[in-house]
Amino acid sequence: MPILTLPEYEELAARAHGHLCAGQILGLRMALYGIRLLGIRDPAGADRKRLIAFVEIDRCAADAIPVVTGCRLGKRALKFRDFGKTAATFCDRETGRAVRVAAREDSKQRAQQLFPDAGSANEQQMRAYRVMPEEELFVAQWVRVTLREEELPGYKATRATCAACGEGISFRREVEREGRTLCRACAGERYYETL
Ligand SMILES: [Zn+2]
Ligand SMILES: [Zn+2]
């Protein structure tokens, strides 16, 4: 489907995220700005396979990015880089171009100035983020993102097997340690302890 109106996106975002909040609106506008700069008109339809999005924070705004772009984690088109920054990079696989869009730190103060009587900060920001020009909300920069083939949706390769835990590993995530093929957990990147 072609690009919807912001209120239509807000409805979809509220459903996907569980509530409508300033972060949703910011994320929607961020994604709309990114795809506009890339010249992508039909992200959910004809241009469906062109986009890969990197999000740099796992907060509200992150849930809004797939609503506009169609880029989903389970489709390998949404990449999470845990930088704690309200920013996302939109990559066009067709042209090789990529644009990083970061929320401006002063957008919250601007929202307060614009709607001082709107009640809560969230309410002020929701109203402001709907109407503020893109340049006041974001800083955009053209960047180069090099995507190895195993990062792309649709990549197929034989799975490796970890020599320590025996679990299967996809997408070349295995590592070689002293001649052994290991999964990242067994190689030391484990985020859990077994009990
Ligand atoms: Zn939220
Ligand atoms: Zn392992």
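This is a predicted model: local features need pLDDT of at least 70, side-chain atom pairs count only at pLDDT 80 or more; totals for chains, interfaces and linings use all residues.

User: Which atoms coordinate the zinc ion (ligand 2)?

Analyst: The donors are the SG atoms of C162, C165, C183 and C186, at 2.3 Å. The cut-off for a donor is within 2.8 Å of the metal, so these atoms count. Their spacing in sequence is C-x2-C-x17-C-x2-C. C162 sits in the loop between strand 6 (160-161) and strand 7 (168-169). C186 belongs to helix 7 (residues 185-189), 24 residues apart from C162.

User: What makes the arrangement around the zinc ion (ligand 2) tetrahedral?

Analyst: The angles. Four donors count as tetrahedral if all angles lie between 85 and 135 degrees. Here the 4 donor atoms subtend 101 to 115°, so the arrangement is tetrahedral. For reference, the ideal angle for four tetrahedral donors is 109.5 degrees.

User: Why is C162 called buried, and why is C186 called partly exposed?

Analyst: Buried means under 20% relative accessible area. C162 has 3%, so C162 is buried. C186 has 24%, which falls between the 20% and 50% limits, so C186 is partly exposed.

User: Why is the aromatic pair of Y191 and Y192 called edge-to-face?

Analyst: A search of the whole structure finds 2 aromatic pairs, and Y191 with Y192 is one of them. Their centres are 4.9 Å apart, and the limit for pairing is within 6.5 Å.

Methods:
Residues are numbered from 1 along each chain as its sequence is written. Chains are lettered from A and ligands numbered from 1 in the order in which they are written. Side-chain values use heavy atoms; hydrogens and water are left out. Donors are N, O and S atoms within 2.8 Å of the metal (3.2 Å for Na, K and Ca); water is not among the atoms, so sites may look incomplete. Four donors count as tetrahedral if all angles lie between 85 and 135 degrees; four count as square planar and six as octahedral if opposite donors are over 155 degrees apart and all others between 65 and 115; anything else is irregular. Helices (H or I, at least four residues) and strands (E, at least two) are DSSP runs, numbered from the N terminus. Buried means under 20% relative accessible area, exposed over 50%, partly exposed in between (1.4 Å probe, protein chains only). Rings of Phe, Tyr and Trp (its six-membered ring) pair if their centres lie within 6.5 Å; planes under 30 degrees apart count as stacked, over 60 as edge-to-face and the rest as tilted.
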